[in-house]
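Here are my notes on the disulfides and one surface feature. Please read them with the sequence and structure open.

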Amino acid sequence: LGRGGGAGFGGAGGAEAFKIISITPQGPVNTKKVIVKIVFAKPVEAPAPANAVTVEKLDGTQVAGTVSANPDNNKELRFVPSQLCPPPNAALHCFDDNTDYRVKVSQSLKSLSGATLACGGFAPACENTFKSGSTVDVTPPGVSITYPVSGQSVSADALVDVNAYVTDETGVAYASFRDGTN
């Protein structure tokens, strides 16, 4: 009896695959002013299809919103709900208070090079859940780079580890770094 071949190191979970690196938020968060962020291993097709990311309440009710690419990172898509926050923050967008949501990324999404999205198996799942909070966070996070230290010289062609300390009263989803040449 023969066995089917696995994905191997170059398959769905390999470094060359078009897969999801993270979907945030995940689990409970303190705020209802949430931007759902999906980070991919490769640049995403532009413009991303409108149905590339959907968000629904756990009862199946679809959440109206806008999907867009992060202008600073072509490996990230964002979902912003259409619903406005209550006054005095009515210019901002919010999810409902204390509600469970499911984020789904369509497997029809393609990378800039035309690769299809790998989901499940050796690749991460293409969905996630979170629970919104009840506050409207309007304070930006605090960020300080802890390494390299200020004024430390770095070779232009060197690979350099960068460490940062990030704080926010409602939580930090992730931090990303770029070299400023993109």
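1. A disulfide here is a pair of cysteine sulfur atoms within 2.5 Å. Keep in mind that this is a predicted model. By that cut-off, the structure holds two disulfides. Counting bonded cysteines along the protein chain, the pattern is 1-2, 3-4.

2. Take the link of cysteine 85 and cysteine 94. Their sulfur atoms lie 1.9 Å apart. The torsion about this S-S bond is about 90°, so the disulfide is right-handed. Cysteine 85 and cysteine 94 are both buried.

3. Now the link of cysteine 119 and cysteine 126. The S to S distance is 1.6 Å. The torsion about the S-S bond is -85°, and the link is left-handed.

4. Are cysteine 119 and cysteine 126 buried or partly exposed? Buried means under 20% relative accessible area, exposed means over 50%, and partly exposed is in between. Cysteine 119 has a relative accessible area of 21%, so cysteine 119 is partly exposed. Cysteine 126 has 10%, so cysteine 126 is buried.

5. Which residues make the nonpolar surface patch? They are Ile145, Tyr147, Val154, Val160 and Val162. The patch covers about 390 Å².

6. Valine 162 sits in the loop between β9 (142-147) and β10 (163-167). Its relative accessible area is 32%, so valine 162 is partly exposed.

How values were computed: Residues are numbered from 1 along each chain as its sequence is written. This is a predicted model: local features need pLDDT of at least 70, side-chain atom pairs count only at pLDDT 80 or more; totals for chains, interfaces and linings use all residues. Side-chain values use heavy atoms; hydrogens and water are left out. Buried means under 20% relative accessible area, exposed over 50%, partly exposed in between (1.4 Å probe, protein chains only). Patches are made of residues with over 30% relative accessible area and no salt bridge: like charges are joined within 9 Å, nonpolar side chains (Val, Leu, Ile, Met, Phe, Trp, Tyr) within 5 Å. Accessible areas come from the Shrake-Rupley method with a 1.4 Å probe; for residues, only the protein chains shown count as cover. A salt bridge is a side-chain nitrogen of Lys or Arg within 4 Å of a carboxyl oxygen of Asp or Glu. Helices (H or I, at least four residues) and strands (E, at least two) are DSSP runs, numbered from the N terminus.
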